[in-house]
Amino acid sequence: MPIAPRYLEHVTFISLILFIFILSPSLADPRTSVANFSCKPRTNVAINVDLLPKYMEVMGILNDFISENKSATYAMNKNDPDIYGLVKCHNDLSQDECKLCFIEAKDKLNKCIPAPGGSVYLDGCFLRYENYNFFDENVEKNSSTYVCGVPTDITNDQYMKMEFAARVERAIANVTTMSIVNNGFGATIVKSGLLAIYALGQCWNYLDPEICTKCLNNAGDMIRKCLPAAEGKAMNAGCYLRYSSNKFFDDGALVLADKGPTKCKNAWIIAAIVLSSILGLFATLGAFLGYRIYSEDKGGNTRVHKIPLALETSKLNFKYEILEKATGGFDSLNKLGQGGSGSVYKGILPDGKTVAVKRLLYNTRQWAEEFFNEVNLISGIQHKNVVRLLGCSIEGPESLLVFDYVSNRNLDQALFDENRHQFLSWKERYEIILGIAEGLAYLHEGSKAKIIHRDIKNSNILIDDQLIPKIADFGLARRFAPHRTHVSTGVAGTLGYLAPEYLLQGCLTEKADVYSFGVVAIEVACCIKSNVFVSDSGSVLQSVWRNYKLNKITESIDSRLLSDFQEEEASRVLQLGLLCTQTRRFSRPSMSQVVTILRNEEIEIPVPMQPPFQNSSLLAPPDIRSSSSVTKDSVCSEWYSTDGISIQSSEFASLSSSQSSDFSTSESSRLLKIS
């Protein structure tokens, strides 16, 4: 029957909602309170300064791996000084809670730079870096400490004091035993009347049971000194132990710690009951949806998709007739521009408010999905550097989006349209580059869902009358769950702005946006498009790299600025652009790091390597063993196999010098064949 595919789509959607709200574990406190924080003394200044770029790279790599694993180590042995990093979340934290805990720990540990080492214990995770290999340490005196809470109210009652101490002793013993047989993790509650003691123990993953026992026994000796305090925390180089009279972990920790047959049997019974309930609910909802869809089709409704009822009845919904009238029937005189997913028109609403109306021309499944994608992605975003969605229309022959009107149109027109007679000063360009970086940092890290734009370029950056940049056109954007590090997807975007791992492998991470930002930053500073080749200088990226190697990078700055710019600031912007366009995605900074660098001129920018597509050798992996190692391989390979495709600089120049165009393909491994 023709309604079957649509019926299945609705059932799939409901399935996802049910699994999210019924089966997913509830988020508990990620336990981000600081238990202990320490930095090594700052000694050799020259060596310590060299640690900064390596520290940034180590934190970036740990960040990538902690999104899917609750433990990661990283060793960098390139040149002196070496640097080693470790992060460990307690096993009872969810993946989202682990990521939040790591972010908090990293913010604290940043204060140690440029010290040669430092560590931070939060109540839910541990983060440490050193300029030596500390992975075998477990009971190191210099890295071991304990913290006691406030005294209990039983101090004057000798019997209660003894009873409290006995409960703590039992809790410590239980946790130690559990941890040894349960992958280094244990949690317990010891109750006696109204008195309850909660305890948790965690060893780092690389400790064997014997060393874990030794570490926890040493930690137990330390926190016994806290008695009769209501709480004690012991922190060794290889483990963490805590007791408290207050509950500080979720009940899931007890289930995780107890692997007995009774618990497993109960879990299976509960799972069977829940599954039966869900199947019954599916049957009811499926029958209702099938009847509703059949009724709509019978009534002649031929639209490919429907906006959810909650949106249809919300303030976001505009009448099609009102928007059509506001734009003068989509008069060409009101047309502001043409994007990859539709045209944009200026409109004036009945209340006098000026808006921009984006018109999606085709009512096919592909275009409808892009429409829903854009509505769902940006309807809740409130940031000064991201264009604000005011609403949408679903009733007429086309789908429409309504945005705040941005008076100066887009950055591409401001830079390269000779008819606009608008020249941007260096200060204005710098603030625009910073604004784009802040907008991207918000999309990547400012909300629970990580949003990757996929098509950052000058024509998708709107600027208002105060020259504040606003990221627009989210038709190709993708939303990531916080625990995902990457997805493999068909490639979409604009040639010249695509990161190599995404272009050649379809491997999409937020570092693809970082690469695009680097190209845009260089274009804004030099006022040359990345796909324009000038005489023998090659692309603007090649020209900037060549001048950087000759220690005259500021000669790449737009010559029309003359000397009206700060050379140090301009040099940092171009060097940062080169860093963002590195071949290796792990070598690129995050957008939050880019913002920090742009706002703090005292931060030294790591030395960039040669950008990609200069010669084919850059696409072949060097001896990885001589550079660095990680404990877990990434599904999204860091090094790219061209699969028989040879890319030379002249060939890429030929490709890029042709008219830049948006494209999308389902091929991910054999994407381009250049000959």
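Mentor: Start with cysteine 148, which is partly exposed at a relative accessible area of 37%. Keep in mind that the model is predicted.

Trainee: Which cysteine forms a disulfide with cysteine 148?

Mentor: A disulfide is counted when two cysteine sulfur atoms lie within 2.5 Å. The sulfur atom of cysteine 148 has a partner 2.0 Å away. That partner is cysteine 226.

Trainee: How many residues apart in sequence are the parts tied together by cysteine 148 and cysteine 226?

Mentor: Cysteine 148 sits in strand E6 (residues 145-148). Cysteine 226 is in the loop between helix H5 (209-223) and strand E9 (231-235). The parts that this pair ties together are therefore 78 residues apart.

Trainee: Is cysteine 226 buried or exposed?

Mentor: The cut-off for buried is under 20% relative accessible area. Cysteine 226 has 5%, so this residue counts as buried.

Trainee: What is the handedness of the disulfide of cysteine 215 and cysteine 239?

Mentor: The two sulfurs are 2.2 Å apart. The torsion about the S-S bond is about -95 degrees. The disulfide is therefore left-handed.

Trainee: How many disulfides does the structure hold?

Mentor: Among them are the link of cysteine 39 to cysteine 112 and that of cysteine 148 to cysteine 226. The number of disulfides in the structure is six.

Definitions and conventions. Residues are numbered from 1 along each chain as its sequence is written. This is a predicted model: local features need pLDDT of at least 70, side-chain atom pairs count only at pLDDT 80 or more; totals for chains, interfaces and linings use all residues. Side-chain values use heavy atoms; hydrogens and water are left out. Helices (H or I, at least four residues) and strands (E, at least two) are DSSP runs, numbered from the N terminus. Buried means under 20% relative accessible area, exposed over 50%, partly exposed in between (1.4 Å probe, protein chains only).
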